[in-house]
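I set out to record the nonpolar core and the aromatic pairs of this chain. The entries below follow the order in which I looked things up.

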Amino acid sequence: MKPRSLPVALIAAALAAPALAQEGPIPGGTEKFKLNLGTIFSQNDTSLRLEGPSGRGLEFGLEGSNGVDRDVWSVLASGTWRFAPKHRVGFQSFSTNRSSSRTTDRDLVLEDQTIPAGTQLDTSSKTQFFVVNYQYSLLRDDRVELSAMAGIYGARFKFAFDSTTPPRNIESNTTAPLPMIGISLDTFITPRWTVSTFFEGLALKVGDTRGSITYIGMTTDYMLTRHFGLGLGVNAVHVGADVDKDNGAQHSFDWRSSSFFAYGQLRF
C-alpha cells in the first residue's frame, strides 16, 4: 500500500466500524423489547375436591385412570419491555385443553352427586395462564443483571364432568389471580448467549379464594442474527387454592406442573 493511501484506508475503516458493529447481535440486557414465541410441553398433576352445600365431595386425581391425560402440548408467548435501563415489564401466557372419555373404576362424589364405578364419564379440563410482572434491576452490568420482581400470576381453571347413565353434568371454574414477589438473574455469557433463572412465590387470601403459589424456571437463548435467536427453557409451578362458593359449596385443588419449552426470540 502506498503511504499516501494509508490515511484514506484508516478513514474508511473508521467510518465502516460503526456499521459493522451495528450488524452484531443486540447484547443481553440492552434490548428495549424482547418477544418469545414457541411451544411448551407440560406434565400435570392435579388433585381436585368439589364439595356441595352439604359438604359431600371426594378428593381425586384429575389425571388418574378416571381423568384426562397428564401430558399436553400448547403454544407459549412471553416477552419484556425495558422502558428504562433498570426497569422492565414482563409477561407470559399459555393455555392447556385436555379431555377424555373413560369408564370410572371407582365411585366419585362431586358436589353432593355420586358417579358410580362403571360409568362412562366425559371429563374436560381447560386452563388459561397469564403472568405479568415488574422487574427492577438491583445490579446491572455487561456480565449479569440481578432483578427484584413483583407481579400477578393469573390462572383460570375450568373442569367439566358429564355422563348419561346416570345423568350428570357438573362444572366448576375458578379464577386465581395470585400476587407474587421474586428475584431473577440473567447471566450474559457472551453478547449472543444468555442464561436466566427466576423464582417467584407467595401465599395469601384474595376475596373468596385462599391460595399459594411457587414458580421457578431457567432459560437459555442464543442470538443467531442481530434481532433473532433461539431458546430453550424449563419451569415448575405449584398452585394450591380453596374457593368458597356463594351457595356454600367449597372447591379445592392442588396443581403441579413441570414444563419444557422451545421458542424463537426477537430483540429490538
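I count a residue as buried when its relative accessible area is under 20%. The model I consulted is predicted.

Entry on the core. I looked up the largest nonpolar core and found 32 residues in it. L48, Y153, F161, V239 and W255 have the most contacts inside this core. I then listed the elements that give two or more residues to the core; among them are strand 1 (33-51), strand 7 (120-140), strand 12 (228-244) and strand 13 (250-267). Strand 8 gives the most, with five residues.

Entry on F161. Leaving aside neighbours within four places in sequence, I find F161 in contact with residues including L48, L50, F60, L62, L110 and I170.

Entry on aromatic pairs. My search of the whole structure returned 15 aromatic pairs. How are the rings of F129 and W255 arranged? Their centres are 5.0 Å apart and their planes lie at 20 degrees, so I recorded the pair as stacked. Because F129 lies in strand 7 and W255 in strand 13, the pair ties together parts that are 126 residues apart in sequence. F129 is buried at 3% relative accessible area, and W255 is buried at 4%.

I next looked up F198 and Y215, which form an edge-to-face pair, 5.0 Å centre to centre with 65 degrees between the planes. F198 is in strand 10 (residues 193-206) and Y215 in strand 11, 17 residues apart. Are these two residues buried or partly exposed? Y215 is buried, with a relative accessible area of 3%, whereas F198 counts as partly exposed at 21%.

Entry on the cluster. I noted that one aromatic cluster includes F129, W255, F198 and Y215, together with F94, Y153, F157, F159 and F253.

Technical notes. Residues numbered from 1 in each chain as written. Predicted model: local features only at pLDDT ≥ 70, side-chain atom pairs only at ≥ 80, totals over all residues. Heavy atoms only, no water. Core = buried A, V, L, I, M, F, W, Y, C linked by side-chain atoms within 4.5 Å. Buried < 20%, exposed > 50% of the residue type's maximum accessible area, 1.4 Å probe, protein only. Helix = DSSP H or I, 4+ residues; strand = E, 2+ residues; numbered from the N terminus. Contact = heavy atoms within 4.5 Å. Phe/Tyr/Trp six-rings, centres within 6.5 Å; stacked < 30°, edge-to-face > 60°.
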